Amino acid sequence: MSLYADEGPPADTPRLPPDALWGGDEAIGWTVVTVSEGEALPEDKMAPYEIVTATDDSVGSYGLFPDQVFVARMILEQEQGSANDADALLIAVAQEVRVDLLITERVSLLGTQLLDAGNCQVASPGDALALVALYLRSDDQFVLAKVRNVTVTAPMTQFHQHVAEVHIPSLKEFVHRSEDRVSTARILTVQNHARTLFKARDRIALLTSEPATEDIADEISRTFTHSLIEMVAFHDILSRIINEFLTPPESNPRQIKWQNREWRARVVGDFPALREPWSEVGHAKHLNDALRVLRNEIHDVAPVVVPFRTKRGSTHVGLGFHVNVGTRVVASLSALGDDRRLGIEQRFDDGHLVDPHLFYEFVLPWVIRSVDDVLRALLPRLPERPPARESSLLLRRDVVDESVRAIARVRAAASCS
């Protein structure tokens with residue numbers, strides 16, 4: 001990691017010794033640009049901009065030409081409507097040293113599509129934290145929290161359990177209080193589905209960040225279709241649990257499903273809190289319908305390495321669904337939010353393309369919300385129990401929860417309108 005500022009490093013920045021073997025007097029941990037513009041260039045310099053990066057044990061040197069800064073400014077002006085020399089220089093420097101991630105709060109640079117060179121991403125600090133944490137998890141480093149010199153890690157399953165409990169507030173209380181009322185097998189199934197939601201999200205995000213190839217497309221298709229099955233199964237297991245609380249419960253398993261209007265009417269009559277989400281126009285009903293359509297048609301889907309392409313971006317993977325499938329899914333999900341965020345486009349005359357990453361990022365908050373609705377409705381029917389004893393963590397639970405929420409952030413589902 002290297003720091004950068006338009007005005008250069010502060011005066012008190014530690015520097016390499018003047019007589020260091022690998023340099024001398026460079027600012028440690030910084031990328032620094034010096035300009036010889038307007039002056040005669042020294043014989044050992046070919047470019048007016050000199051870039052130096054330094055760590056405790058290495059120094060890198062690069063040259064930058066005015067045309068590179070000019071092109072950066074010109075494209076920023078096309079994208080943003082305006083640009084300044086400092087922003088253009090920063091972009092050109094990031095391209096030249098081929099950084100992977102440029103972390104900035106400069107609004108003018110966030111969202112730019114300019115940084116293709118070196119596969120560089122521009123991100124705000126919060127987005128960068130979540131992105132870096134994702135790639136740490138891809139290397140089996142599941143960090144729950146870090147405070148000063150204390151880093152708390154967890155095995156993968158425990159990490160995703162924490163993520164699920166943070167994002168589904170009723171989950172932990174439901175598991176704690178349902179022990180004597182709901183079968184152990186079903187409690188374990190609920191926990192497993194909750195964890196799998198976030199495991200699949202990581203997997204899809206990582207796969208869609210790789211160069212699009214046929215092999216990657218096939219793997220994304222498998223991960224995506226498995227995640228559809230899991231999300232539908234999550235709704236299904238909740239229907240079976242809540243059926244146990246009806247008087248009398250429905251005994252025919254074929255009738256215990258949210259798409260069964262008669263059974264659903266019994267549920268919302270007994271659990272008034274579920275009347276809005278599971279009504280004919282409720283968000284949970286729309287979501288369940290859309291997921292089932294896709295789940296039922298996964299035999300009719302093909303991974304494609306084509307069209308989700310930005311103006312200057314790389315090719316992405318799409319999943320091709322028959323046109324009637326896509327139309328029904330869009331009709332259901334459009335009731336939840338702006339369909340431009342669904343990741344579904346009709347790119348063929350006879351079919352839709354689903355961008356797995358965008359689709360999952362849109363659908364996940366709604367799945368969380370519908371699950372939380374059902375678990376919250378169940379809690380008043382469960383016996384009170386003394387608070388659960390916390391597992392032995394080095395840090396307070398609220399510190400861990402805050403950290404997990406930041407590094408595995410999921411945006412909240414908007415209210416239906």
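Residues are numbered from 1 along each chain as its sequence is written, and side-chain values use heavy atoms, with hydrogens and water left out. As the model is predicted, local features need pLDDT of at least 70 and side-chain atom pairs count only at pLDDT 80 or more, whereas totals for chains, interfaces and linings use all residues.

The protein chain contains twelve helices and eleven strands, where helices (H or I, at least four residues) and strands (E, at least two) are DSSP runs numbered from the N terminus. Its C-alpha trace spans about 90 × 55 × 35 Å along the principal axes. Of the 417 residues in the protein chain, 44% are buried; buried denotes under 20% relative accessible area, exposed over 50% and partly exposed in between, with a 1.4 Å probe and protein chains only. Among contacts (heavy atoms within 4.5 Å) with a separation of 6 or more, 58% are between residues 24 or more positions apart.

An open sheet of three strands has the order β1-β2-β3 and antiparallel pairing, two strands being paired if DSSP finds at least two bridges between them. Its edge strands, each pairing on one side only, are β1 (31-35) and β3 (59-64). Neighbouring strands of the sheet are turned by 20 degrees against each other on average, direction ignored. Axes are lines fitted to C-alpha atoms, for helices over the stretch in contact, and angles run from 0 to 180 degrees between N-to-C directions. Strand β2 (residues 49-54) is joined to β3 by six bridges, and Ile51 stands opposite Tyr62 in β3. Two helices pack on this sheet. Helix α1 (residues 66-80) touches β2 and β3, and its direction makes about 75 degrees with that of β3. Helix α2 (residues 85-97) touches β1, β2 and β3, with an angle of about 120 degrees to the direction of β3.

A hairpin is formed by β6 and β7, with two residues between the strands. Strand β6 (residues 143-147) and strand β7 (residues 150-153) run antiparallel and are joined by four bridges; Ala145 stands opposite Val152 in β7. Arg148, in the loop between β6 and β7, has a positive phi of about 50 degrees although it is not a glycine. With a relative accessible area of 76%, Arg148 is exposed. Asp140, in the loop between α3 (125-138) and β6, likewise is not a glycine and has a positive phi, of about 60 degrees. Asp140 is exposed at 63% relative accessibility. Most residues other than glycine have a negative phi, and most peptide bonds are trans. A cis peptide bond joins Thr247 and Pro248, with omega about -10 degrees, and Pro248 lies in the loop between α7 and α8.

The structure holds four aromatic pairs. Rings of Phe, Tyr and Trp (its six-membered ring) pair if their centres lie within 6.5 Å; planes under 30 degrees apart count as stacked, over 60 as edge-to-face and the rest as tilted. The ring centres of Phe224 and Phe359 are 5.5 Å apart and their planes stand at 70 degrees, so this pair is edge-to-face. Phe224 belongs to helix α7 (residues 214-243) and Phe359 to helix α11 (residues 356-378), 135 residues apart. Phe224 is buried, with a relative accessible area of 1%, and Phe359 is buried with a value of 1%. Trp258 and Trp278 are stacked, with 3.9 Å centre to centre and 10 degrees between the planes. Trp258 lies in the loop between α7 and α8 (261-270) and Trp278 in the loop between α8 and α9 (283-296), so the pair ties together parts that are 20 residues apart in sequence.

Arg181 lies over the face of Phe245 at 4.1 Å from the ring centre, and Arg381 lies over that of Phe271 at 4.1 Å.

A nonpolar core is a set of buried Ala, Val, Leu, Ile, Met, Phe, Trp, Tyr and Cys residues joined through side-chain atoms within 4.5 Å. The largest has 78 residues, of which Leu274, Leu333 and Phe359 touch the most other members. Helix α11 gives the most to this core, with 13 residues. A second, separate core of 19 residues includes Tyr49, Leu64, Ala83 and Val97.

Technical notes
A charge sits over a ring if NZ of Lys or CZ of Arg is within 6 Å of the ring centre and within 35 degrees of the ring normal.
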